[in-house]
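Please have the sequence and the three-dimensional model side by side before reading on.

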Amino acid sequence: MVNIVDRRLNPKDKSLANRQRFIGRARRQILDAVRDVSARRKVADIGQGGEEISIPADGLQEPGFRKGSDKGLRRHVVPGNKQYVAGDAIPRPEGGQGQGGRGGSPQGEGEDAFQFTVSRDEFLDLFFENLELPDLVCTQLTKVKHHGLQRAGYSVSGSPSNLNLARTMRNSLSRRLALKRPRREETRALDEEIDRLERSGKDPERLRALIRLREEQVVRAKRIPYIDPIDLRYNRFDPVPKPISQAVMFCLMDVSGSMTEDMKDLAKRFFMLLYLFLQRRYQHVDIVFIRHTHIAQEVDEDTFFYSRETGGTLVSPALEEMERVLRERYDPADWNIYAAQASDGDNTPADNPAVVDLMESVILPVCRYFAYIEVAEERGWEMTTDLWQVYERLVKAGRPLAMRKVKSRADIFPVFRDLFTPVELRR
Amino acid sequence: MTTNAPLYTGADWDYPLIKKAFDAIERVAIDEMGLDPYPSQVEIISSEQMLDAYSSMGMPLFYRHWSFGKHFARDEMYYRKGMTGLAYEIVINSNPCLCYIMEENTMTMQTLVMAHAAFGHSHFFKNNHLFRSWTDAEGILDYLDFAKAYVAECEERYGPREVERVLDAAHALMSHGVHRYPRRQPLNLHQELQRKKERRRYEEQTFSDLWRTLPQRTGGPAPRERALDERREALGLPEENLLYFLEKRAPRLQHWQREILRIVRVVSQYFYPQKQTKVMNEGCATAVHYHLMTRLHETGRLTDGAFMEFLHHHTNVVFQPEYDDPRFSGINPYALGFNILQDLKRMCLNPTEEDRRWFPDIAGNGDVLGTWKQAWAEYRDESFILQFLGPKVMRDMRLFSVRDDADEAKLVVEAIHDDGGYRDVRRALSAQYDLARHEPDIQVVDVDLSGDRRLILEHRVVDGRLLEESDARQVLRHLATLWGYGVKLHEVDARTDQVLNEFPEVAPAAD
């Protein structure tokens, strides 16, 4: 006698909840590890596939009372004797392993690092934990219809998948009680008695009465169904309009000849993070990529991240291009506008007044937040650039502008977090 | 009805084939071997589900805890990197006996696995005395279902952090959460009265007035000692089941916390027999599958090709690397168990002079299955080895015993597989499987509930083997969390009562 069951179609990831608990517990260590990894990877690989990380095991041990292995007397019985006879002395094996038959702790614990793989989603979630776009406001309710569903009691109609069994059965039971539908036990008892009377042949009067009663019961049971359509109750869901925030992020990158490959790499890394972050966290965020040399153009993401270009440096065309796009597609009344700019800070001095003017009169007044990243050579001169000076003046005037310098890959992630951590969460 | 056509040809399996193979195995196992397994439920799962099952101690359902997620993460990575394969099967001591088999196995593997798990392990679970007296195969799945729901409800009500704190602490004490010896059931009122009556009658029958005239002993123990004795008596001390003690006596635990301790304790107790019978359990299952598969082949139900495939897997399973082999990681329980049982079989059928000296009752008795079944039913690893490990197995495996004294610079070979050494090797090997020697003997010895409520534990040290310090400190912290007041541990030599080591008192973490 055997029962064969196919369980392959059962839900997978039974231990997902345990995994989440584990990741929650190891959050701090994992975050550190993720940061290291992000500095090591190639631009194109960030956010692709899972990631193997290794974290220190503190806080993750599962201790227990154990006998130590460095004190006292032990005996080991091991197989495979080749040359020893009783009384031989053997030098202690190196590292304590092998000979002892203790085979390491089965849990693989100890002070070693703990290695495991996090999935892409987990990786990115950790990566962008607690980050958000500053000062996002709901601007549009009318144009885009976005509905969410909300539980709203029960209804008498609905799709079978929403059937509420408990309610339905409760109604059915109360209706059956109220209408005195004969219960199965009663019917069975009646049947038994009829049977008994028929066999014994005694009391035909009562037998007839019982048979009549039985027939009535059958009719009654037929008339009063076990479950009637009026018993049915369904979970009801109401659509609720959900406010959404429309936002657009302008990514401005300097790709002129003054930027070395390393600097471009840093800038691209920054934008890659920004891009992943927005994609992951905000469904309704448009992203506009603008790159510029002495001329500026709006490009798609592939061109932005992967193509090469050189030329002279002018910043104002990029801002003009941004202004053009704004005017054509993104009305500041309907959209939250953000911008991030990366540059080495070079600008033709004659262009600076134009930049200030554009920023002050057009760009900054409509922007919720403007982040400026200045990339520099790792061992470059510590000097303030033209653009930095220009922007510094704007910051002093209380504009929504944030500026940071990035010198190495390792800076990217902290600067990024710094720029997008909400004020409440900053330490 | 006996046909001698092969059960299957080729590697692919389907449900009718599995059913057919199961029935064929069952006929041999029940009718020829007279095994007595639970009814079986064979469940086919994918490798991912096997990984899932791994992480929760092999059980189909379990409460949630981060440590299972940790094990899963590690197992998964090892598996994906190809560092370890997965077990071919998982079997659960329940009624009906659940056997998980993997979808990617070949038909021969499925047959082997069913013979191994659904008959070998299942017979062992149902008949071994440890399992019979300590585990409840009927109720375990229901209990785990309850436990899972209970823990989830606690998380909802008191917050996952609070529950995690209790579970962490309980897990740390898990190996000290078992009753090692059966306890007397408390008497009910009727039995109590009965006993009182009998005692009264006995007193009346044996009354002698002379006793009254004997001089009374004066003094008695000092009042302090008497107070200590009374206290210990009232609390049922000394107590080695730490989880049980905390569940019943910890002054500051909430009801739900006690219930969680109880859950962990029940699970620990359920797994305790498995820890004590690794060699026998695997030996039994391996010997049974070997016998069954051989019989199927002899009767033509397995093709030669399938049998070769089986032998290949079988030899992998019972492979024992030697101590200087890089693959060596202790004695393979499958190998040791299988070798001992095969040796018993040889003794029953073709005994040598040596066997007659060593095992006069078994040698030549001709009843292989009877001898096996008795061994499976009435022993655990320690006693099984002590009783049945014969000189031939020790010679074949070239076992030798090494003395490792931490105070000496070198290891000393104490005994090898020769006439002078057989008994010593056997005794040492048996001791190696004695859980009571393996796990430190830690007991609650005193607590003054009306005073400072400090809990005092004692580790009775055998052979100078003290506790691993950093781990012990962490466990003490967990213990203090549960107890709610200070906890002290000292280590005392079991023979001389001399205090060897004292851990500083751990106070519960303020939160």
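The paragraphs below go from the interface between the chains to single residues and then to salt bridges.

This is a predicted model, in which local features need pLDDT of at least 70 and side-chain atom pairs count only at pLDDT 80 or more, while totals for chains, interfaces and linings use all residues. Residues are numbered from 1 along each chain as its sequence is written, chains are lettered from A and ligands numbered from 1 in the order in which they are written, and side-chain values use heavy atoms, with hydrogens and water left out.

Where chain B meets chain A, 93 residues of chain B are in contact with 66 residues of chain A, contact meaning heavy atoms within 4.5 Å. Together the two chains bury about 7,600 Å², 53% of it on carbon and sulfur atoms; buried area is the accessible area (1.4 Å probe) that two parts lose on being put together, summed over both. On the side of chain B, the residues that lose the most area to chain A are B:W66, B:Y323 and B:R465, which together account for 10% of what that side buries.

The interface also has a polar side. Between chain B and chain A there are 42 residue pairs in polar contact, both residues being at pLDDT 80 or more; a polar contact is a pair of N or O atoms within 3.5 Å, where within protein one must be able to donate a hydrogen and the other to accept it, and residues adjacent in sequence count only if both atoms are side-chain atoms. Helix 3 (residues 66-80) of chain B supplies 11 residues, the largest share of the side of chain B that touches chain A; helices (H or I, at least four residues) and strands (E, at least two) are DSSP runs numbered from the N terminus. The rule finds 11 salt bridges across this interface, a salt bridge being a side-chain nitrogen of Lys or Arg within 4 Å of a carboxyl oxygen of Asp or Glu. B:K70 forms a salt bridge with A:E62, with the closest N and O atoms 3.4 Å apart.

Strands join the chains as well: strand 3 (residues 73-78) of chain A and strand 4 (residues 400-405) of chain B run antiparallel and are linked by six bridges, two strands being paired if DSSP finds at least two bridges between them. Within this pairing, A:H76 has B:V402 as its bridge partner.

Beyond its neighbours within four places in sequence, A:S172 is in contact with A:Y226, A:I227 and A:D231. In chain B, B:G486 sits in the loop between helix 21 (469-483) and strand 8 (487-493) and is buried at 9% relative accessible area. B:G486 and B:R454 are 32 residues apart in sequence, yet 4.9 Å apart in space, C-alpha to C-alpha.

Lastly, side chains of opposite charge can pair when their charged atoms come close. B:K126 and B:D36 meet in a salt bridge (3.0 Å, N to O); because B:K126 lies in helix 4 (residues 107-127) of chain B and B:D36 in the loop between helix 1 (15-32) and strand 1 (40-45) of chain B, the pair ties together parts that are 90 residues apart in sequence.

Technical notes: Buried means under 20% relative accessible area, exposed over 50%, partly exposed in between (1.4 Å probe, protein chains only).
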